[in-house]
Amino acid sequence: ATTPNLKKGYVGGGIGIASTIKNYSDIEGKVQYGINAGYLFGSNAGIAVTYMHTSYKVDISEADVDLKTNAILAGPLFSVPFSKLECDIRPYLGFLFAKLNASSGGTSLDFKADNTIFVYGSGITLRWNVHKLISLSLNIDAVYHGSGIKFDELGLETEKLSTISMGIGLNFRF
């Protein structure tokens with residue numbers, strides 16, 4: 001059932017923390033930020049699109065290493081309104097691109113991943129409609145990598161770095 005305050009679409013941004021689902025002693029999740037949008041075609045179903053940027057600290061004794069990933073995800077959106085709250089469920093598919101930055105002794109080098117990774121996952125969002133045009137959100141997302149990230153120049157391939165993240169956001173409703 002729809003509520004009188006229900007809008008069909010939203011676009012917003014958020015920030016949070018991310019961590020690998022499997023515990024790695026040498027990879028520490030850090031900050032994640034993103035942009036998301038969704039549109040309902042009916043009262044409860046539609047489509048959602050998400051961009052996520054995630055940073056990881058990699059523990060290598062010889063250098064400070066940061067792994068940065070960018071994912072573009074899309075899929076169906078299922079939304080259930082509860083007065084001023086909406087609960088969104090988003091299964092999705094997409095692609096991930098990665099970059100590695102290594103610095104040691106004042107020298108910094110960037111390495112682009114040699115492969116684009118297929119990713120899939122799901123997310124749950126609670127959106128609190130604080131105004132007819134604004135909502136605040138709490139997001140939990142899980143993203144599973146279809147393969148490891150390859151850095152041929154370094155002779156390195158990571159394991160499948162599936163992640164879980166939690167964040168807060170601000171959305172414009174339309």
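A residue counts as buried under 20% relative accessible area, as exposed over 50%, and as partly exposed in between (1.4 Å probe, protein chains only). Glu 157 is partly exposed, because its relative accessible area is 47%.

The model is predicted, so local features need pLDDT of at least 70 and side-chain atom pairs count only at pLDDT 80 or more, while totals for chains, interfaces and linings use all residues. Residues are numbered from 1 along each chain as its sequence is written, and side-chain values use heavy atoms, with hydrogens and water left out.

**Salt bridges**

Side chains of opposite charge can pair when their charged atoms come close. A salt bridge is a side-chain nitrogen of Lys or Arg within 4 Å of a carboxyl oxygen of Asp or Glu. The structure holds 5 salt bridges.

| Pair | N to O distance | Separation in sequence |
|---|---|---|
| Arg 90 and Asp 141 | 2.4 Å | 51 residues |

Strands are DSSP runs (E, at least two residues), numbered from the N terminus. Lys 30 is partly exposed because its relative accessibility is 31%, whereas Asp 66, at 16%, is buried.

Arg 90 forms a salt bridge with Asp 141. Arg 90 lies in strand 5 and Asp 141 in strand 8 (residues 134–145), so the pair ties together separate parts of the sequence. Arg 90 and Asp 141 are buried. Shared partners join Glu 86, Asp 88, Arg 127 and Arg 173 into one network of salt bridges.

Ser 165 is in strand 11 and counts as buried, because its relative accessibility is 6%. Its side chain makes a polar contact (a pair of N or O atoms within 3.5 Å, one able to donate a hydrogen and the other to accept it) with the side chain of Gln 32, at 2.8 Å.

**A charged patch**

Asp 114, Asp 152, Glu 153 and Glu 157 gather in a patch of negative charge on the surface. Such a patch is made of residues with over 30% relative accessible area and no salt bridge, with like charges joined within 9 Å. Glu 157 lies in strand 10 (residues 156–157).

Notes: Patch = residues over 30% accessible without salt bridge, like charges linked within 9 Å, V, L, I, M, F, W, Y side chains within 5 Å. Areas by Shrake-Rupley, 256 points an atom, 1.4 Å probe, with all protein chains shown as cover. Lys, Arg positive; Asp, Glu negative; His and termini not counted. Charge placed at Lys NZ, Arg CZ, Asp CG, Glu CD. Helix = DSSP H or I, 4+ residues; strand = E, 2+ residues; numbered from the N terminus.
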